[in-house]
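Here is a quick walk through a protein and DNA model. Have a look at it first, then read on.

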Number of protein chains: 2
Amino acid sequence: MKLNEKQTATIFKAFCDENRIKILQLLIDGEKCACKLLEAMNITQPTLSHHMKTLLDSGIVNGRKEGKWMHYSISKKGLEKAQEYLDFLKNNGKEE
Amino acid sequence: MKLNEKQTATIFKAFCDENRIKILQLLIDGEKCACKLLEAMNITQPTLSHHMKTLLDSGIVNGRKEGKWMHYSISKKGLEKAQEYLDFLKNNGKEE
DNA sequence: ACCTCACATTGATGCCTTTCTATATGTTAT
DNA sequence: ATAACATATAGAAAGGCATCAATGTGAGGT
């Protein structure tokens, strides 16, 4: 595994907050702009922005700017990285 | 998915702390007792105990008491639960 | 140019987590 | 019984994180 402990923790930060899980659920059926997410959640706009930053940093979510809108979507690549780590643990440290 | 946001977050708490990742790495090559983990880590015994509780709560680690020793190991079942959730996200909310 | 809208950033506050020391619990050996 | 050991728990201090109101930025529209 080429990731260190800190990097690994950063990836999984995406999944260890209730509100971020809620956001991921909202993104399951495809890309959404921040304003749509905000409507669906019970938090203020700066709080959403904060969580989106965490999600982007984790690599689990992609961001795309279009005019004044930010569109967010789940990153399959990011998910695969997380999955790789779980597989790594499951296979006793063998890389597959 | 039968898990709510809180439960999901609890599972992934296992992976979002640097020290807990280090502990998981130590458990990769099989069951270890708390004292062995303590030797390998740079933390005090109560701190280790705290992290082990978090790991047990997440379901990612199993605990087995034998005399005065606690033996910890990675739970394949717990890992699979985490994997299921990642698959769920990856497959746009389809259960496989 | 100006205003408005969508979002990010700043700074403050409260809470939750990590960490420690000290102590309790439970187990084994003497 | 008691001593020694392994681990858990309690309580406190420190740091980090989530949250908010206020403000900044940057894009479009008038």
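## Around DNA strand D

α4(A) supplies the largest share of the surface near DNA strand D, with four residues; "near" here means that a heavy atom of the residue lies within 4 Å of the strand. Helices (H or I, at least four residues) and strands (E, at least two) are DSSP runs numbered from the N terminus. This is a predicted model, so to speak of local features takes pLDDT of at least 70 and side-chain atom pairs count only at pLDDT 80 or more, while totals for chains, interfaces and linings use all residues. Residues are numbered from 1 along each chain as its sequence is written, chains are lettered from A and ligands numbered from 1 in the order in which they are written, and side-chain values use heavy atoms, with hydrogens and water left out.

## Which DNA atoms are touched

Sugar or phosphate accounts for 70% of the atoms of DNA strand D within 4 Å of the protein, and bases for the rest. On the base side, the side chain of Gln45(B) has an N or O atom 2.8 Å from a base nitrogen. On the backbone side, Met70(B) puts a backbone N or O atom 3.2 Å from a phosphate oxygen of DNA strand D.

## Where chains A and B meet

Here 29 residues of chain A are in contact (heavy atoms within 4.5 Å) with 29 residues of chain B. The two chains bury about 2900 Å² between them, 66% of it on carbon and sulfur atoms; that is the accessible area (1.4 Å probe) lost on being put together, summed over both.

The rule finds two salt bridges across this interface, a salt bridge being a side-chain nitrogen of Lys or Arg within 4 Å of a carboxyl oxygen of Asp or Glu. One of them joins Lys90(B) to Glu80(A), with the closest N and O atoms 3.3 Å apart.

## Strands in chain A

Strand β2 (residues 61-66) of chain A runs antiparallel to β3(A), joined by six bridges; strands pair if DSSP finds at least two bridges between them. Glu66(A) sits opposite Trp69(A) in β3(A). The two strands make a hairpin with two residues between them, and Gly67(A) in the turn has a positive phi of about 60 degrees.

Key:
Polar contact = N/O pair within 3.5 Å; in protein donor to acceptor, adjacent residues only side chain to side chain.
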